[in-house]
Structures are given as structure tokens and as C-alpha cells.
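Work through these exercises with the model open beside you. Try each task before reading its solution.

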Amino acid sequence: MSYARQLLDAYPGTLSADAGMLAAAIDALSDCAQACIADAEMVTCIRLCLDCTDVCTATLGVVSRQTASDAAVTGPLLEVCIAICKSCGDECERHARHHPHCRVCAEACRRCEQACRGLLGALK
């Protein structure tokens, strides 16, 4: 069980979404930010990976805090995260056959994109 899930299970209040779905999104955001930090080889790829890292890290922070969660902030952040993960994943996928780190980054971006879509849908 991830630390995110353990902390969510220990949270005494009401969560903004299903604990499993929320923990999956938190874990995917963290993994995606890490993969993007590590995958900084080509110019366009570098820019997208760094942008993706920043957006995933910001979204991770906001999504992780459950006290007085504000859907007006969380929703748009998740939408931006979905968009950058798609762009970054598409770019990394172009290089995946020749660069294993791009394959890993593309996979992390796709996983994060899907987790954020699921969480966004659950919050609406």
C-alpha cells in the first residue's frame, strides 16, 4: 500500500473522492514528475518534461491536501495536468524506440493522464 493511501486512510475527515482513486492519482502524479525529471535529453522533450514536472508537482500538492478542498482550483489543475501529460507523453513516445528513458517517461505520462482523468470525473 502506498504512503498516499495510508495517509488518506488515516485522514479523519471526509475525502473529496474515493481513497483508492485519489491515492492512485497522487502516486501517478509523483511517478510522472520523477520520470519527467529524469528524461531530459532533447530540446522539445526537455521543455515538455520540465513543464510536466512542474504541473504534476503543483497538482500533487493540491490533490494531496484534503482539508477544505476547492474544486474550483483542483478541477482546472487536473485539466492542465491531463493536457501536459498528453503532450509530454506524445513527444516522449516519438523517441521511445531509441531512448529507453523516453519510453518510461511516456508510460508514466499516460498513467498520470488517465489517473487525473479518472479523478476529475469523480470530482464532477
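**Exercise 1. What volume does the largest pocket have?**

Two notes on the source come before the solution. This is a predicted model: local features need pLDDT of at least 70, side-chain atom pairs count only at pLDDT 80 or more, and totals for chains, interfaces and linings use all residues. Residues are numbered from 1 along each chain as its sequence is written, and side-chain values use heavy atoms, leaving out hydrogens and water.

Step 1. On a 1 Å grid over the protein atoms alone, a pocket is an open set of points with protein on both sides within 12 Å along at least five of seven lines; lining residues have an atom within 4 Å of a point. The volume is the space filled by probe spheres (1.4 Å probe) set on the points.

Step 2. Read the value: about 160 Å³.

Step 3. List the lining: Ala 4, Leu 7, Leu 8, Tyr 11, Ile 26, Asp 27, Ser 30, Leu 60, Ser 64 and Gln 66. Helix 1 (3-10), helix 2 (19-38) and helix 3 (43-64) each give two or more residues to this lining. Helices here are DSSP runs (H or I, at least four residues), numbered from the N terminus.

Step 4. Sort the lining residues: 6 are nonpolar, 3 polar and 1 charged. Tyr counts as nonpolar in this scheme.

**Exercise 2. Is Thr 74 buried or exposed?**

Step 1. Apply the cut-offs: buried is under 20% relative accessible area, exposed over 50%, partly exposed in between (1.4 Å probe, protein chains only). Thr 74 has 7% relative accessibility, so it is buried.

Step 2. Find its neighbours. Not counting residues up to four places away in sequence, Thr 74 touches Val 62, Val 63, Ser 69 and Leu 123. Contact means heavy atoms within 4.5 Å.

**Exercise 3. Which residues form a salt bridge with Asp 90?**

Step 1. Define the bond: a side-chain nitrogen of Lys or Arg within 4 Å of a carboxyl oxygen of Asp or Glu.

Step 2. Take Lys 86. Its closest N and O atoms to Asp 90 are 2.9 Å apart.

Step 3. Take Arg 110. Here the closest N and O atoms are 2.6 Å apart. This pair links distant parts of the chain: Asp 90 in helix 4 and Arg 110 in helix 5, 20 residues apart.

Step 4. Check accessibility. Asp 90 is partly exposed at 31%, and Arg 110 is partly exposed at 22%.
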